[in-house]
Amino acid sequence: MEKKQIDPKVLEAANKWLEGNYDEETKETIRNMMANNPDELSDSFYRNLEFGTGGLRGIIGAGTNRMNKYTVGMATQGLANYIKKAFHGEKEYRVAICYDNRNKSSYFAQITAEVFSANGFKVFLFDELKPTPELSFAVRYYKCHTGVMITASHNPKEYNGYKAYWNDGAQLIPPHDKNVIKEVEKIKIEDVKFEPVKKNIQLIGEETDQAYLAEVEKLSLSPGSNRRQSELKIVYTPLHGCGVKMVPAALERFGFENVFKVYKQDINDGNFPTLHSPNPEEPAAFEMALEKARKVDAELVMATDPDCDRLGVAIKDHDDNYMLLNGNQTAAILTYYLLSMWQKKGKIQGEEYIVKTIVTSELIKDIAVKYNVECYDVLTGFKWIAEIIRNNEGKKTFIGGGEESYGYMIGDFVRDKDAVSSCAMFAEITAWAANMRKTVFDLLLDIYMEFGFYKENLISITKKGQSGAEEIQKMMENFRNNPPKMINNSEVIMIKDYLTSKAQDIKSKTETRIDLPSSNVLQFFTADGTKISMRPSGTEPKIKFYFGVKDQLNSKKDFEAVNQKLDEKLQHVIKDLKLDD
């Protein structure tokens, strides 16, 4: 068989590593790829792993397009350089660094700490894996200029990543995100200061845990319900990730004494041996937890992703079957509880607000209207929720926020989605309902009866290669240039184009400006309450369509019938858009 030709540019990049100041193990790996696996060599060296607006994410291995000591070191050097420019003249520069259970996470965290220390930073390095929200908290607690979380969230086991944070504990937003990228792109391997200054590195752990948990505990709005329902049966799984200690600790602080663990998934393992995917959005991730729940007759089942910033929930329906909530349902229940309890306690004074992303259910906004609480819409991503909090600091009070992709944040002591506090609060909601002789399912039906039965669906379409990216671009252009007038026999009454920042009211033929950063997102709203959002990925040839429909639920006994009606409505809406054409 003829040996496959390797792209000269790939060979040039690989040979630079063979000739450069790289460790022998890395060089041997490259030689092996050259001899035996040209495809892997090409994928490892055909480009540089990009430092995007959220940081790095890639497959672990040797090469310019991989997560390894050198790409992590270069990212860190670029971030350190930018921090010194942005905060020029500071007496001391500070950084907090944390990591999850993924393969090589602790190693990459150590490399990151060493490079920062060599650049003169005071480094606060967690002594063991901890959740992403605790890293966000630590940035604020230790008055750091930046922070780094080593995680690839719920990506496959081959991946790891590097998330960068600003001094408010939030991920980077403009202009800092783009400016850091420019600094990282300037870095050559010889620029990286790998030699650590050990005196600059301080290990942190127990003190930070307790300070963080103390803030979580302050969120409780119904401690009496928790005490009365302390025996509530809860099943929790961290899906092999770093919620393993902090979530049970938070539940204990809230007064819950009957938390059942899925022991095989309590083991921190970056290979995720019991899972196809460590993603709480996928029903398969709940299989072992639900098996445990049926054995112990649990009222509540919760799963968090590897870095413990996203939460999946299962509850019992009226037939005692477990029902997986989607992200919109969980966000609606959390919002309903928070606002009703804030009102009951007289805490709503007119300057309070919540935040949701533009693709999240409009049900959240409807609930906010009832309680006279302002609801902000932001682009997808918690960094935009954090930006609203920062802009309103000292002027308005943030109650909570969330997005349909299973991320929620309560209070502002953390500036990223937080599954630890969300777990504790959802357990409290379950206890609060039980105290009223209700289930969480009853609460959900109460919400639907008062505000309307909202149901959502998500379709993700992947088109591979350059031609796929072009297809997606054409798809968006067609919807922009030829928007539908009717969808499922309901008139389109509003079109929002976040690329042009214009909202078009079809009936009045007026346009208003959308006061958000430009983003390639398009939305259609119809007269019957249907909402359709379309958003291409910025990093891969994929486009997501978010569908939301609405109907009345007049009686709890009508739930199944209306649920089925909405399923059919969703299918008609999807068919009307002709996505397969």
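## Backbone exceptions

Pro175 lies in the loop between β5 and α7, and the peptide bond that leads from Pro174 to Pro175 is cis, with omega near 0°. Lys143, placed in the loop between α6 (132-141) and β4, has a positive phi of about 55° although it is not a glycine. Most residues other than glycine have a negative phi, and most peptide bonds are trans. Helices (H or I, at least four residues) and strands (E, at least two) are DSSP runs, numbered from the N terminus.

The model is predicted, so that local features need pLDDT of at least 70 and side-chain atom pairs count only at pLDDT 80 or more, while totals for chains, interfaces and linings use all residues. Residues are numbered from 1 along each chain as its sequence is written, and side-chain values use heavy atoms, with hydrogens and water left out.

## The six-stranded sheet

Six strands form an open sheet in the order β1-β5-β4-β2-β3-β6, with mixed pairing, where two strands pair if DSSP finds at least two bridges between them. The edge strands, each pairing on one side only, are β1 (55-59) and β6 (201-204), and the twist averages 15° from one strand to the next.

Strand β3 (residues 122-126) runs parallel to β6 and is joined to β6 by four bridges; Val123 stands opposite Ile201 in β6. Helix α5 (residues 105-118) packs on the sheet and touches β2 (94-99), β3, β4 (146-150), β5 (159-165) and β6, contact meaning heavy atoms within 4.5 Å. The direction of α5 makes about 170° with that of β2, with axes being lines fitted to C-alpha atoms, for helices over the stretch in contact, and angles running from 0 to 180 degrees between N-to-C directions.

## An aromatic pair across the chain

The structure holds 26 aromatic pairs, counted where rings of Phe, Tyr and Trp (its six-membered ring) have centres within 6.5 Å, with planes under 30 degrees apart taken as stacked, over 60 as edge-to-face and the rest as tilted. Among them, Tyr70 and Phe194 form an edge-to-face pair at 5.9 Å centre to centre, with 80° between the planes. This pair links distant parts of the chain, 124 residues apart, with Tyr70 in helix α4 (residues 69-86) and Phe194 in the loop between α7 (176-186) and β6.

## Cavity and pocket

One cavity of 30 Å³ or more is present, and about 130 Å³ of space lies in the largest cavity. On a 1 Å grid over the protein atoms alone, a cavity is a set of points where a 1.4 Å probe fits but cannot get out, and a pocket is an open set with protein on both sides within 12 Å along at least five of seven lines, lining residues having an atom within 4 Å of a point. Of the 17 residues that line the largest cavity, Ala331, Thr335, Gly400, Gly401 and Gly402 are the closest to its centre, and α12 gives the most to the lining, with five residues.

The second largest pocket has a volume of about 680 Å³, a volume being the space filled by probe spheres set on grid points, which are joined across faces, edges and corners. Of its 26 lining residues, Asn48, Leu49, Thr64, Met74 and Ile187 are the closest to the centre. The elements that give two or more residues to this lining are α1 (8-19), α4 and α7, and α1 gives the most, with five residues.
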